[in-house]
Amino acid sequence: MPETVRSEPGFVFDIPVRWGDLDAMNHVNNTVYFRYTEEARVQLMLKLGMLPPSTRTGVLAHASLDFVRPVLYPATVRVVHHLVRMGRSSLEVEVSVRDADQPEVVYARGRNVLVSINPEGRSQPWSEEEVVRIRQAFGA
């Protein structure tokens, strides 16, 4: 049964499925779903100014996915991040991997926690400007 598409905004990134993403069963290998969410997360971090040469970056503290249905080639997946909670120096996001042409089709869903760190590797609280930028990146 198709999952309802959330109406609230989120950070969306589309990725074409490559032939090399397939496994011997002729569907996208489960580990590749994590690669898709990683690429979308990096694009989010880029939008937030959290990649070098920035003095702030992010580390992934948690990643989980439940696999709902296989992705078959050819396809374009849509990775959607919804902000669940913003901590002092962290973001908890709900992540879903969907069909870009039929967003109600969900391939996987899960959760990520991203922690903001400084160059010394310690957590770094969000500034007021960053809180605004984060909310804007998620369409809130």
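A salt bridge, as the term is used here, is a side-chain nitrogen of Lys or Arg within 4 Å of a carboxyl oxygen of Asp or Glu. By this rule the structure holds 6 salt bridges. The structure is a predicted model, in which local features need pLDDT of at least 70 and side-chain atom pairs count only at pLDDT 80 or more, while totals for chains, interfaces and linings use all residues. Residues are numbered from 1 along each chain as its sequence is written, and side-chain values use heavy atoms, with hydrogens and water left out.

## The sheet

Helices (H or I, at least four residues) and strands (E, at least two) are DSSP runs, numbered from the N terminus. Two strands are said to pair if DSSP finds at least two bridges between them. On that basis, 5 strands make up an open sheet with antiparallel pairing, in the order β1-β3-β4-β5-β2. Because β1 and β2 stand at the edges with a single partner strand each, one side of each is left without a neighbour in the sheet. From one strand to the next the twist averages 25 degrees, where axes are lines fitted to C-alpha atoms, for helices over the stretch in contact, and angles run from 0 to 180 degrees between N-to-C directions. Within the sheet, β3 and β4 are joined in the antiparallel sense over 9 bridges, and R85 stands opposite E92 in β4.

## The helices on the sheet

Contact means heavy atoms within 4.5 Å. Helix α1 lies across β1, β2, β3, β4 and β5 (106-117), and runs at about 145 degrees to β2. Helix α2 lies across β1, β3 and β4, running at about 140 degrees to β3.

Residues are called buried under 20% relative accessible area, exposed over 50%, and partly exposed in between (1.4 Å probe, protein chains only). In helix α2, which spans residues 128-137, the buried residues are E130, I134 and A137. Seen down the axis of α2, these buried residues fall within an arc of 65 degrees, so they line one face of the helix; the arc is that of the directions from the helix axis to the C-beta atoms. The other side of α2 carries E128, E129 and Q136, which are exposed. What do the buried residues of α2 pack against? They pack against β1 (11-16), α1 (30-47), β3 (76-86) and β4 (90-99). After α2 comes G139, whose phi is positive, near 75 degrees.

## Salt bridges

| Pair | Distance, N to O | Relative accessible area |
|---|---|---|
| R78 and D14 | 2.7 Å | R78 22%, D14 34% |
| D21 and R18 | 2.7 Å | D21 3%, R18 55% |
| E130 and R56 | 2.5 Å | E130 12%, R56 5% |

The salt bridge of R78 and D14 links distant parts of the chain, with R78 in strand β3 and D14 in strand β1, 64 residues apart. R78 is partly exposed, and D14 is partly exposed as well. In the bridge between D21 and R18, by contrast, D21 counts as buried whereas R18 is exposed.

For the bridge between E130 and R56, E130 lies in helix α2 and R56 in the loop between α1 and β2 (57-67), so the pair ties together parts that are 74 residues apart in sequence. E130 counts as buried, and R56 is buried too. Elsewhere, salt bridges that share partners join R85, E92 and R111 into one network.

## Two further residues

R98 lies in strand β4 and, at 5% relative accessibility, counts as buried. A polar contact is a pair of N or O atoms within 3.5 Å; within protein, one must be able to donate a hydrogen and the other to accept it, and residues adjacent in sequence count only if both atoms are side-chain atoms. The side chain of R98 reaches the backbone oxygen of P103 at 2.7 Å.

F67 lies in strand β2 and counts as partly exposed, at 37% relative accessibility. Which residues is F67 in contact with, leaving aside its neighbours within four places in sequence? They are N30, Y33, F34, Y107 and A108. F67 and G110, which stand 43 residues apart in sequence, are 8.8 Å apart in space, C-alpha to C-alpha.
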